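Please view the sequence and the model before reading on.

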Amino acid sequence: MRQPLPEPPEPDRSMTGRQRLLASVWPPRVTRPQLTVALLLCVLGLGLAIQVRSTNENSVLRGARQEDLVRILDELDDRTQRLEDEKQRLVGQRTELENSSDQAEEARKQTKAKEQQLGVLAGTVAAQGPGITLRITDTHGAVEADMLLDAIQELRAAGAEAIQINDVRVVADTYFTDAGSGVEIDGRRVSQPYTFTVIGKPEDLEPALNIPGGVVQTLEKERANVSVKRHEKIVVDALRSAKRPDYARSSS
């Protein structure tokens, strides 16, 4: 036997119409079937939104002008090329890491070669190569230190890479002084004849000495006997000891 439905509560006569409306809808009374229907509607709405967005993107490409499509294609090609370049760079780095032992050996070889080059410039190692010899014979004692220095400067300007006067190696800090009837180089007395042994390109060195008003003409005006000869191979073997700087140190 069915039970009679409960009678709805009598409305509170003291409440206004607006208050009674709010009381009837809040708090909400949601059942399980209502929640299920709401979830299904939410999923359906999300699917429709994704479909609409995909359709819009496709329609944009379909409606684009040919110039726009070409530009988009070019941008994709550029991006592909950049990615390919990045791939090649990373592959190169990997190869360098795999061959690190070979690179270390190559670095040591380069360091050794650089040491030899610096040694030639500093005068601490012997050098050989093409060049010239300049021989000055001064029977009247008219050749002074500044004339020999002018010859050195002219040779350096013409590309001389290693210079030796008699048995004294000439380097960056070499100095010349007059000493009575002779000349001193770096404090060492040098006797005549003054023989310059110079490594460099002979085709540049010899003309530099023989230019009008140059070294050879100046010395000949002082009645000195001057001769210049080219050589395919000469040796500069006068050495200087390496000096340790008092204050300067490597910053690396």
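By class, 8 nonpolar, no polar and 3 charged residues make up the lining of the second largest pocket; Ala, Val, Leu, Ile, Met, Phe, Trp, Tyr, Cys and Pro count as nonpolar, Asp, Glu, Lys and Arg as charged, and the others, Gly among them, as polar. The model is predicted: local features need pLDDT of at least 70, side-chain atom pairs count only at pLDDT 80 or more, and totals for chains, interfaces and linings use all residues. Residues are numbered from 1 along each chain as its sequence is written, and side-chain values use heavy atoms, with hydrogens and water left out.

**Pockets**

- The second largest pocket has a volume of about 160 Å³, a volume being the space filled by probe spheres set on grid points joined across faces, edges and corners.
- A pocket is an open set of points on a 1 Å grid over the protein atoms alone, where a 1.4 Å probe fits, with protein on both sides within 12 Å along at least five of seven lines; lining residues have an atom within 4 Å of a point.
- The lining of the second largest pocket includes Val 120, Arg 156, Glu 161 and Arg 169, and α4 (100-122), β2 (162-165) and β3 (168-170) each supply at least two of its residues.
- Helices (H or I, at least four residues) and strands (E, at least two) are DSSP runs, numbered from the N terminus.
- The largest pocket has a volume of about 250 Å³ and is lined by 15 residues, with Val 171, Asp 173, Arg 240, Ser 241 and Lys 243 nearest its centre.
- By class, 6 nonpolar, 2 polar and 7 charged residues line the largest pocket.

**Backbone geometry**

- The peptide bond from Gln 192 to Pro 193 is cis, with omega near -5 degrees; Pro 193 lies in the loop between β6 (188-190) and β7 (194-199).
- Asp 186, not a glycine, has a positive phi of about 55 degrees and sits in the loop between β5 (182-185) and β6.
- Asp 186 counts as buried at 16% relative accessibility (buried: under 20% relative accessible area, exposed: over 50%, 1.4 Å probe, protein chains only).
- Arg 223, also not a glycine, has a positive phi of about 65 degrees and counts as exposed at 58% relative accessibility.

**Sheet**

- An open sheet of 3 strands has the order β4-β5-β6, with antiparallel pairing; two strands pair if DSSP finds at least two bridges between them.
- Its edge strands, β4 (176-179) and β6, each pair on one side only.
- Antiparallel β5 and β6 are joined by 3 bridges, and Glu 184 stands opposite Arg 189 in β6.
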